[in-house]
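The following exercises concern the structure shown below.

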Amino acid sequence: MTPGSAQCQFKMATHMARFRTWNRAKSFGIAAYRRYSSGGGYPNVSLSTPLPGIPKPVFATVDGREKYETKVTTLENGLRVASQNKFGQFCTVGVLVNSGSRHEAKFPSGISHFLEKLAFSSTAQYGSKDEILLTLEKHGGICDCQTSRDTTMYAVSAEAKGLDTVVGLLADAILQPRLTDEEIEMTRMAVRFELEDLNMRPDPEPLLTEMIHAAAYRGNTVGLPRFCPMDNVERIDRTLLHAYLRSYYTPERMVLAGVGVEHEQLVFCARKYLLGVRPVWGVGTPSSADQSVAIYTGGIIKTEKDMSDVSLGPTPIPELTHIMIGLESCSFLEDDFIPFAVLNMLMGGGGSFSAGGPGKGMFTRLYLNVLNRHHWMYNATSYHHSYEDSGLLCIHASADPRQVREMVEIITREFIQMGGTPGEMELERAKTQLKSMLMMNLESRPVIFEDVGRQVLATGKRKLPHELCDLISCVTASDIKRVTAKMLRSKPAVAALGDLTELPSYEHIQAALSSKDGRLPRMYRLFR
């Protein structure tokens, strides 16, 4: 660029214009400073009054809470379609079936376990599981199936624009599975491996949960085994699976739930793929489904097991005996469900080692009264299992086999102390922690999906998080005292695993839970 050229002159003019503008602004700033620095020169304008000459701001508004309420539509065949709007590129869609291990009274136990492993295998439209996964991959999707004691859940998370493909795939996987001999044989191998792994893993919680349910509801509904017993692995075949599916996989026992999708679009897809479709096993009737109600029996199940070699290695876990004691609570359909949830949070607990930090429950009763005072106890944790017709609140504890009797007495005393009036601070802390946990979990799209599906399947509608938080806030100390008194009237359910030489008798545990202080009857021995 040569001096005197047009390009050079233009650049010089631009720089001069910028300099003059800056100089004017500087002069104005100095003048303004001089004007107001003497005090009293500031304009008397309220902060809430708009400034003259400034455009009126436009604020973002919410379209009303109803936009985010769960919408439910029932199709002509009885299938319910439920959706929850949520901003985002991805959605979670799935089908929940009112079917689980509790419904296997007329069948060999383990069918639900088999169906979980067989999910998303070859179907009428897809030749193999790989084809299904490749189809989902095009929409950035993943699939999963989980069974519990009362519900089977098929779910897919994928891009929202692939909704039509996802619902079509779900319908095919649920209603048109091929269940080939090869797939059933592979499932038998997977089930055997899982059963072996269950008995070998260091964490005994899944096994104890199975045992406590079997003790509490002996031989009925939720007391039936969730995992397939080894004796039934060879018995379950395609004919048996079809007979079960015919009874329980009917439209009125299903909910198609979606999160992050438009309700009208989900209903359209449901009509397209799930209305008037004949399943591969034929049409079933609602009357063939088992309608048994859970009957709480109480009782004890003991498994003597050598736990000394559970976790060998450079830092092996010490040999422990595990005890779980439970009492009947209530159904999740009852009003007392919320006070029981608060009580469970108030008891809290966990392992003897914790990294600490906010929200770890270090101020719960099982930490303060048990783990902090008895260094020899490795675990003390409260659990609450609730179903449509019953519930179970239990405490799991672990310690050295020589101190089992003392550990059992500590747990029975904690149950008795639940019947006292809780302190105002610990009750508020438990309620706040429960609300915090609820809201934090419901930030996850798959958790919202499961919450929507389970509530609509059980009640036909959904309570929103703010409604649940209001119910939690309303729980009082007298509510906790009342539900505990009701719970303590039931017979205990006991599960014991490990070296049980020092385990008190069931009658002694029952007597301790009926006493005023929770102490076990004294035993006098001539020889030790």
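**Exercise 1. The whole chain**

Task: State what share of the 528 residues in the protein chain is buried, and describe the chain as a whole.

Solution. Buried residues amount to 47% of the 528 residues in the protein chain; buried means under 20% relative accessible area, exposed over 50%, and partly exposed in between (1.4 Å probe, protein chains only). The model is predicted: local features need pLDDT of at least 70 and side-chain atom pairs count only at pLDDT 80 or more, while totals for chains, interfaces and linings use all residues. Residues are numbered from 1 along each chain as its sequence is written, and side-chain values use heavy atoms, with hydrogens and water left out.

Step 1: count the elements. The protein chain has 16 helices and 12 strands, where helices (H or I, at least four residues) and strands (E, at least two) are DSSP runs numbered from the N terminus.

Step 2: consider the contacts (heavy atoms within 4.5 Å). Of the contacts in the protein chain with a separation of 6 or more, 79% are between residues 24 or more positions apart.

Step 3: consider the surface. The protein chain exposes about 27,600 Å², and carbon and sulfur atoms supply 56% of it; accessible areas come from the Shrake-Rupley method with a 1.4 Å probe, and for residues only the protein chains shown count as cover.

**Exercise 2. The open sheet**

Task: Determine the order of the 6 strands in the open sheet, and explain why one side of β1 and of β4 is left without a neighbour.

Solution. Step 1: strands of a sheet pair through backbone hydrogen bonds, either parallel or antiparallel. Here two strands pair if DSSP finds at least two bridges between them.

Step 1: the order is β1-β2-β6-β3-β5-β4, with mixed pairing. Because β1 (71-74) and β4 (142-147) stand at the edges with a single partner strand each, one side of each has no neighbour in the sheet. On average, neighbouring strands of this sheet are turned by 15° against each other, direction ignored.

Step 2: examine one pair. β1 and β2 (residues 80-84) run antiparallel and are joined by 4 bridges. The bridge partner of T74 in β2 is R80, and that of V72 is A82. Their hairpin has 5 residues between the strands, and G78 in this hairpin takes a positive phi near 100°.

**Exercise 3. Positive phi in loops**

Task: Locate F120 and L179, and decide whether each is buried or exposed.

Solution. Step 1: most residues other than glycine have a negative phi. F120, which is not a glycine, has a positive phi near 60°. L179, likewise not a glycine, has a positive phi of about 50°.

Step 1: F120 lies in the loop between α2 (111-118) and α3 (129-137). At 3% relative accessibility, F120 is buried.

Step 2: L179 lies in the loop between α4 (163-175) and α5 (181-200). Its relative accessible area is 4%, so L179 is buried.

**Exercise 4. Helix α11 and the cysteines**

Task: Describe how far α11 is covered, and state how many disulfides the structure holds.

Solution. Step 1: α11 (residues 404-417) has 14 residues and reaches 20 Å from first to last C-alpha, close to the 20 Å expected at 1.5 Å a residue. The expected span is 1.5 Å times one less than the number of residues.

Step 1: α11 is mostly covered, with 11 of its 14 residues buried. Among them are V404, M407, I411 and F415.

Step 2: the structure holds 0 disulfides, a disulfide being a pair of cysteine sulfur atoms within 2.5 Å. For C269, the nearest cysteine sulfur, that of C91, is 9.8 Å away. C269 is buried, with a relative accessible area of 2%. C330 is also buried, with a relative accessible area of 2%.

Technical notes. Axes fitted to C-alpha atoms, helices over the stretch in contact; angles between N-to-C directions.
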